[in-house]
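Hi,

Here is the structure I promised to pass on.

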Amino acid sequence: MTPPIRLPSFATLIANPRLFLALGFGSGLSPKAPGTVGTLMAVPLFLLLQQLPLGAYLAALLLATVVGIYLCDYAGKYLGVSDHGAIVWDEFVGFWIAMLFAPHGLMWVFYGFVLFRLFDIWKPWPIGWVDKKVKGGFGVMLDDVLAGLMALLVLQLTAICLPWA
């Protein structure tokens with residue numbers, strides 16, 4: 001039997017910027033539902049990103065994704081588990097993808113949050129396949145990117161079908 005993984009302290013995160021980011025500024029240390037807590041931590045950052053012109057938002061999203069592959073790979077090696085639940089940078093990026101082109105308003109933020117979490121937890125095909133087959137930082141990021149894209153699609157279809165909402 002392998003010993004349980006001991007999570008780093010918040011002080012360790014502060015001293016290690018790569019781990020600090022990968023664990024979502026400490027939100028991944030939550031003992032309950034770290035992915036949901038990490039996604040919650042991504043909301044205020046989204047509200048800032050949403051103010052950017054589309055090109056800047058897309059550039060920030062691309063940078064966060066590429067850097068996230070490195071961060072998630074680093075944290076997985078540090079923690080000894082490739083896709084440890086405490087690693088939540090992928091949730092940040094997945095949520096930001098889900099919210100791309102979202103109408104303004106807290107209702108849409110809440111709706112995008114719920115959609116992203118549902119796709120990330122349920123992992124319908126191809127998300128579940130990627131989660132099982134693609135490893136390392138790329139795999140950690142890719143399943144959440146796909147969950148974000150699926151949530152984006154549903155959110156946009158809803159916005160088109162319910163323009164008064």
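Let me start with D73, which is partly exposed because its relative accessible area is 26% (buried means under 20%, exposed over 50%, partly exposed in between, with a 1.4 Å probe and protein chains only). Before going on: this is a predicted model, where local features need pLDDT of at least 70, side-chain atom pairs count only at pLDDT 80 or more, and totals for chains, interfaces and linings use all residues. Residues are numbered from 1 along each chain as its sequence is written, and side-chain values use heavy atoms, leaving out hydrogens and water.

D73 forms a salt bridge with K77, with 3.0 Å between the closest N and O atoms; the term means a side-chain nitrogen of Lys or Arg within 4 Å of a carboxyl oxygen of Asp or Glu. K77 is exposed, at 64% relative accessible area.

The whole structure has five salt bridges. K123 takes part in one with D120 (3.3 Å between the closest N and O atoms) and in one with D143 (3.1 Å, N to O). D143 lies in helix α8 and K123 in the loop between α6 and α7, 20 residues apart. D143 is buried, at 1% relative accessible area, and D120 is buried at 5%. Through shared partners, E91, R117, D120, K123 and D143 form one network of salt bridges.

Enjoy exploring!

Definitions and conventions: Helix = DSSP H or I, 4+ residues; strand = E, 2+ residues; numbered from the N terminus.
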